Amino acid sequence: MPTFTPNDLYRTLKAVLEASGASAEESNIVADLIVDAHLGGHDSHGTESFVHYIEQVLRGEIVPGAPLDVLQEREAWLTLDGNWGFGHVVVSRATRTAIEKAKNTATC
């Protein structure tokens, strides 16, 4: 069984994700979080899940490049649709959006 350094693992995962159609930004987010999960001892959310993600991309169950659509929005909240994008990417983008909303509404 091959042994990877964290950087080697990150680069390998990123390359496979990009080959499957994911953008550089998406590949960076997913690979980074998978390596972090693996290093934290959560293999079920790390390297063990990676093959399943690629299989889901190939079956059309995960859509690389899917937009994050705003369905409803008010000053302090919003409802989003990730359109079957990578969960890692959807949550990352949604979190950034929520943080900006919180800053703009003095809720933090």
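Me: How many residues lie between β1 and β2 in the hairpin that they form?
Reply: This is a predicted model, in which local features need pLDDT of at least 70 and side-chain atom pairs count only at pLDDT 80 or more, while totals for chains, interfaces and linings use all residues. Residues are numbered from 1 along each chain as its sequence is written, and side-chain values use heavy atoms, leaving out hydrogens and water. Strands (DSSP E runs of at least two residues) and helices (H or I runs of at least four) are numbered from the N terminus. Strands β1, residues 69-73, and β2, residues 78-81, run antiparallel, and the number of residues between them in the hairpin is 4.

Me: Which residue in β2 stands opposite aspartate 69?
Reply: Two strands pair if DSSP finds at least two bridges between them. Here 4 bridges join β1 to β2. The residue in β2 opposite aspartate 69 is aspartate 81.

Me: Which residues is leucine 13 in contact with, leaving aside its neighbours within four places in sequence?
Reply: Contact means heavy atoms within 4.5 Å. With those neighbours left aside, the residues in contact with leucine 13 are Ala31, Ile34, Val35 and Phe50.

Me: Which helix gives the largest share of the lining of the largest cavity?
Reply: On a 1 Å grid over the protein atoms alone, a cavity is a set of points where a 1.4 Å probe fits but cannot get out, and lining residues have an atom within 4 Å of a point. The lining includes Phe86, Val89 and Arg93. The largest share, 3 residues, comes from helix α4.

Methods:
1 Å grid on protein atoms, 1.4 Å probe; cavity = no way out; pocket = protein on both sides within 12 Å on 5 of 7 lines; lining within 4 Å.
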